[in-house]
Amino acid sequence: MSETYRPVAPEPVRNVDPLLTVPEAAVYLRVSVAFVRRRIRQGVIPVVRVGSRNQRVQRSALDRYLQEAADQ
């Protein structure tokens, strides 16, 4: 068994839905942070909890929000 160990490089992660902070989400939507927080409180924009206090928004959720707003 003279096989030598060759480390394998991990595959690059593709097609990952980035998590944005609330201020980053506001920039993405081109609205104020207060507007995003209000939509989160209303349940219009879903959030992912990171820890006990931090919230993140999936970019795909923002894209759905924009699409729904455009359809109205």
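## About the model

Local features are described where pLDDT is at least 70 and side-chain atom pairs where pLDDT is 80 or more, while totals for chains, interfaces and linings use all residues of this predicted model. Numbering starts from 1 along each chain as its sequence is written, and side-chain values use heavy atoms, with hydrogens and water left out.

Let's start inside. Helices here are DSSP runs of H or I with at least four residues, strands are E runs of at least two, and both are numbered from the N terminus.

Val-22, Ala-25, Ala-26 and Leu-29 are the buried residues of H1; buried means under 20% relative accessible area, exposed over 50%, and partly exposed in between, using a 1.4 Å probe and protein chains only. These four lie on the same side of H1, because they cover an arc of only 100° around the axis. The arc is taken from the directions from the helix axis to the C-beta atoms. Their cover includes E1, H2, E3 and H3. Setting aside residues up to four places away in sequence, Ala-26 touches Val-31, Ser-32, Val-33 and Val-36, where contact means heavy atoms within 4.5 Å.

Next comes Arg-30, in the loop between H1 and H2. Its phi is near 60°, a positive value in a residue other than glycine. Arg-30 is also exposed, with a relative accessible area of 79%.

## Helix H2

H2 buries Phe-35, Val-36 and Ile-40. They cover an arc of only 135° around the axis, so they sit on the same side of H2. Their packing partners are H1, E3 and H3. Just after H2, Gly-43 has a positive phi of about 85°.

With 13 residues, H3 reaches 18 Å from its first C-alpha to its last, close to the 18 Å expected at 1.5 Å a residue; the expected span is 1.5 Å times one less than the number of residues. Ala-61, Leu-62 and Tyr-65 are its buried residues. An arc of only 100° around the axis holds them, which puts them on the same side of H3. They pack against strand E1 (19–20), H1, H2 and strand E3 (54–58). On the other side of H3, Ala-70 and Asp-71 are exposed.

How do H1 and H3 meet? Their axes come within 11 Å and cross at roughly 35°. Axes are lines fitted to C-alpha atoms, for helices over the stretch in contact, with angles from 0 to 180 degrees between N-to-C directions. The crossing is right-handed, meaning that the near helix is turned clockwise from the far one by less than a right angle. Ala-25, Tyr-28 and Leu-29 in H1 meet Arg-59, Leu-62, Asp-63, Tyr-65 and Leu-66 in H3.

## Before E1

Thr-4 belongs to the segment before E1 and counts as exposed at 59% relative accessibility. From C-alpha to C-alpha, Thr-4 and Arg-56 are 44 Å apart in space, and they are 52 residues apart in sequence.
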